[in-house]
Amino acid sequence: MDFQIEARHSGSEARTGVLCTPHGEVRTPAFVAVATRATVKALSPADLREVGVQLLIGNTYHLYLRPGPEVVAVLGGLHGFSGWAGPWMTDSGGFQVFSLGAGKEHGVGKIAPIFPGDEPPKPTGPSLVRLTEEGVRFRSVVDGAWITFTPEEVIRIQRFLGADIILPLDECTSPFHDRAYTEAAMERTHRWAERALRAFEDTQGLGPNPGQVLYGIVQGGAYEDLRRRSARVIGGLSFSGFAIGGSLGRSKGDMLGVIEWTVDELPGEKPRHLLGIGGVEDILEAVKRGIDTFDCAAPTRMARNGTLLTFEAEGFRLNIKNSRFRHDGRPIEEGCDCPTCRAHSRAFLHHLLRTGELSYFRLATLHNLRFMVRLMAAIRARIAAGKSLEVGGLREDLVGP
Ligand SMILES: [Zn+2]
């Protein structure tokens, strides 16, 4: 895979570029839509193309459980199986180690706040994960059976799934792990990274997509020396790009530090992915610090829950369930060119959600993904033009003064 940097921003570390994958190009900075089970919930591949999505990320753990990597491989890999013939990524299952393990013990995870503050939330249950040097044992969420993932097995599974960009097994730590634990987990993740690279070499030619590439994952929690060391170790290995994983700390300030330390140590010419972040301001701050791609389930999950993204509203979101939208004939966002805003009013979406109509899910998801795609395009244009990467300027670009 080739990554070409096209423009560098004056006044920040931001850059625009093109990721060339075996299934097409991705213009960066880019938002990666989450397709956990090989589909973006409520949308078809044609819908995704229409709103301009460039890249999807599937979930190795869920696809391993159902339908199984052999089924996906026989049906043409994720591209053939899902009908999305554009670029795919798959994650490694490392986040599931976290959310079924320490995430439960520490009461943090996908639904809990990403930045929980200083007080640990209550545990949501006992850990369902057993970690050893060899790998990780999980309880299946489907039938409760124990499953073992090793770094080698996770590569083999992803060879069969056939995504263009794949990730090695890592251990994602919680913001409430202490320094000693975070360091031990990081060192183990480094040993797993070397095993994953060897397994990747050993399985060249296996599966439906011989052109796939492997990114490395940097760990180290919110500890500066650990993050820098992890970025130097992982950055020194023969990965095609890098992802920033694990705990990003207990606050947004911690997260920005983590990004700065990591980017500072990584090779400058390779792509950088930030796992699990998708808020407008977080994306802007991360782009300014040199991040190229982002994945986050929030925009699509929020759509299904009634939260629609718009530059006009406070916090970039409006709750379409609110009765003040009952008679509102305006589109979700003036100036949005998505199929939903072109044809439908807020009042109609309010009605669909209130009455439980299935079409609501598709129309809402189309808009929120188009919002993310337009946001990233506006960011790229501002980087190339040397304009400031502030919310005010972006808002003007997208909805007018
Ligand atoms: Zn729209």
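What follows is a chat about a predicted model, its zinc site, a pocket and some backbone details.

Visitor: Before we start, what are the ground rules for the numbers?
Guide: This is a predicted model, where local features need pLDDT of at least 70, side-chain atom pairs count only at pLDDT 80 or more, and totals for chains, interfaces and linings use all residues. Residues are numbered from 1 along each chain as its sequence is written, and side-chain values use heavy atoms, with hydrogens and water left out.

Visitor: Okay, the metal. Which residues coordinate the zinc ion?
Guide: Cys336 (SG), Cys338 (SG), Cys341 (SG) and His367 (ND1) do, at 2.1 to 2.3 Å. Donors here are N, O and S atoms within 2.8 Å of the metal (3.2 Å for Na, K and Ca), and water is not among the atoms, so sites may look incomplete.

Visitor: What's the geometry of the site?
Guide: Tetrahedral, with angles of 101 to 117° among the four donor atoms. Four donors get that label if all angles lie between 85 and 135 degrees.

Visitor: And what spacing do the donors follow along the chain?
Guide: C-x1-C-x2-C-x25-H.

Visitor: Is Cys338 buried or exposed?
Guide: Cys338 is buried, at 0% relative accessibility, and Cys336 is buried too, with a relative accessible area of 9%. Buried means under 20% relative accessible area, exposed over 50%, and partly exposed in between (1.4 Å probe, protein chains only).

Visitor: Switching to helix H14, which of its residues are buried?
Guide: H14 covers residues 346–354, and its buried residues are Arg346, Ala347, Leu349, His350, Leu352 and Leu353. Helices (H or I, at least four residues) and strands (E, at least two) are DSSP runs, numbered from the N terminus.

Visitor: What covers them?
Guide: The cover includes helix H12 (298–305), strand E15 (307–309), strand E16 (317–319), helix H13 (339–343) and helix H15 (359–385). Just after H14, Gly356 takes a positive phi of about 70°.

Visitor: Which residue other than glycine has a positive phi?
Guide: Phe316 is one of them, with phi near 65°. Phe316 sits in the loop between E15 and E16 and is buried, at 7% relative accessible area. Ala42 also has a positive phi, about 80°; Ala42 is in the loop between E4 and helix H1 (45–51) and is partly exposed at 40%.

Visitor: Where are there cis peptide bonds?
Guide: One runs from Thr28 to Pro29, with omega near 0°, and Pro29 lies in the loop between strand E3 (24–28) and strand E4 (30–34). Another joins Arg66 and Pro67, with omega about 10°; Pro67 lies in the loop between helix H2 (60–65) and helix H3 (69–74).

Visitor: What is Thr16 in contact with?
Guide: Beyond its neighbours within four places in sequence, the contacts of Thr16 (heavy atoms within 4.5 Å) include Thr28, Pro29, Arg380, Ile383 and Ala384. Thr16 is in strand E2 (residues 15–21) and counts as buried, at 8% relative accessibility.

Visitor: Last one: how much space lies in the second largest pocket?
Guide: About 160 Å³. On a 1 Å grid over the protein atoms alone, a pocket is an open set of points where a 1.4 Å probe fits, with protein on both sides within 12 Å along at least five of seven lines, and lining residues have an atom within 4 Å of a point. The volume is the space filled by probe spheres set on the points.

Visitor: Which residues lie nearest its centre?
Guide: Ala102, Glu105, Ser127, Leu131 and Tyr181, out of 14 lining residues. Strand E7 gives the most to that lining, with three residues.

Key
Four donors count as tetrahedral if all angles lie between 85 and 135 degrees; four count as square planar and six as octahedral if opposite donors are over 155 degrees apart and all others between 65 and 115; anything else is irregular.
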